[in-house]
Amino acid sequence: MAKLNLDQLQTFAQVIKQGSFSGAGTTLGLTQPAVSLQIRQLERTLNVKLIERVAKRVRPTAAGTVLLEHRRRINAAVDEALNDMASHSSDIMGSVILGSGATACIHLLPPILRELKYTYPLLRVGVRTGNTDDMVRAVEENRLDLALITLPATGRNVLITPLLQDEFVAIFPVAHPDLPMELSPGVLSEYPLVVFESGSSTRFLIDSWFQQAGITSNPIMELGSIEAIKEMVAAGLGFSIVPRMSLAKHTQSHGIVHRSLFPPLERTLGIALRQDKPLTKGLQKVINSLNNVQL
């Protein structure tokens, strides 16, 4: 009787998802010949043709479509088996992959991860950073166990739960004279703006804050790193609007002062988790630690 290789099955699914062998190889960290070999071995084992080419893209044959449906149920069964085994263990162990934005990764997660490592030494928590859309997609595809994201966000078969509020503040170089305690879009539009790059959830919130006052922001710099933004501001090149979370270790000694925004601007951070994700003991401990966060 033929034995189904789970690695080959996942490779086949990625080839169909990406529409090419090379795209699947990039996602899986494999060379294109290695992907092709796994598909040939899987077809030889099952004695069926699984893939056909149409207009330079690959798609599943009728047999391949049936196999993809079986793969969904196989993955669910594997997850259930792992969950059952974890429930029989008296120790908190295994691995959890957590997605996070860069700001939360730097300023929120370190003490949480340190406490988890100290309390549960057999539990390995890995972190991947990215924007909200990419992380929700990774949760959908089970490449992340859960993700800390900026709301609003939606995903197929993904449960998104609000976690905490993070206020935005304006930051200026410490030498900047006569700043009011509360800064409006109209006041800030007179200064050069250093801001997050387009496409991020944070940039969308900042642009919307200006637009609600009938003002279009016109940044002089668009950067992908909040640490780079703070350095540019400290150098006297402009002002920025950043989450207060990112200033936890940043005082006037670092060349920056911050002021409140008027009207206030906040973002909501939340947890994204597949609705059918088995809650192992380790994953539950990570979720509990995030739920206990206080800014």
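Q: At 17% relative accessibility, what does Ser217 count as: buried or exposed?
A: This is a predicted model, where local features need pLDDT of at least 70, side-chain atom pairs count only at pLDDT 80 or more, and totals for chains, interfaces and linings use all residues. Residues are numbered from 1 along each chain as its sequence is written, and side-chain values use heavy atoms, with hydrogens and water left out. Buried means under 20% relative accessible area, exposed over 50%, and partly exposed in between (1.4 Å probe, protein chains only). With 17%, Ser217 therefore counts as buried.

Q: Which side chain does the side chain of Ser217 join in a polar contact of 3.1 Å?
A: Ser217 sits in the loop between helix H9 (201–211) and strand S9 (221–223); helices (H or I, at least four residues) and strands (E, at least two) are DSSP runs, numbered from the N terminus. Leaving aside residues up to four places away in sequence, Ser217 touches Leu193, Asp207 and Phe210, where contact means heavy atoms within 4.5 Å. A polar contact is a pair of N or O atoms within 3.5 Å; within protein, one must be able to donate a hydrogen and the other to accept it, and residues adjacent in sequence count only if both atoms are side-chain atoms. At 3.1 Å, the partner is Asp207.

Q: What distance separates the C-alpha atoms of Leu205 and Phe168?
A: Leu205 is in helix H9 and is buried, with a relative accessible area of 14%. Beyond residues up to four places away in sequence, Leu205 touches Thr150, Phe168, Leu265, Glu266 and Arg267. Leu205 and Phe168 are 37 residues apart along the chain, yet their C-alpha separation is 9.7 Å.

Q: How is H2 oriented to H3, roughly perpendicular or roughly parallel?
A: Helix H2 (residues 21–28) packs on helix H3 (residues 32–46) at about 105°, with axes 8 Å apart. Axes are lines fitted to C-alpha atoms, for helices over the stretch in contact, and angles run from 0 to 180 degrees between N-to-C directions. Angles under 35 degrees count as roughly parallel, over 145 as roughly antiparallel, 65 to 115 as roughly perpendicular and the rest as oblique. So H2 and H3 come out roughly perpendicular.

Q: How do H6 and H11 lie to each other, oblique or roughly parallel?
A: The axes of helix H6 (residues 109–119) and helix H11 (residues 281–291) come within 10 Å and cross at roughly 140°. On the H6 side, the contact is made by Leu109, Ile112 and Leu116, and on the H11 side by Lys285, Val286, Ser289 and Leu290. The two helices are therefore oblique.

Q: What is omega for the cis peptide bond that joins Leu151 and Pro152?
A: Pro152 belongs to the loop between strand S5 (146–151) and strand S6 (158–173). Elsewhere, the peptide bond from Phe262 to Pro263 is also cis, with omega near 0°. For Leu151 and Pro152, omega is about 5°.

Q: What positive phi does Asn157 have?
A: Asn157 is in the loop between S5 and S6 and is partly exposed, with a relative accessible area of 28%. Asn157 is not a glycine, but its phi is still positive, at about 65°.
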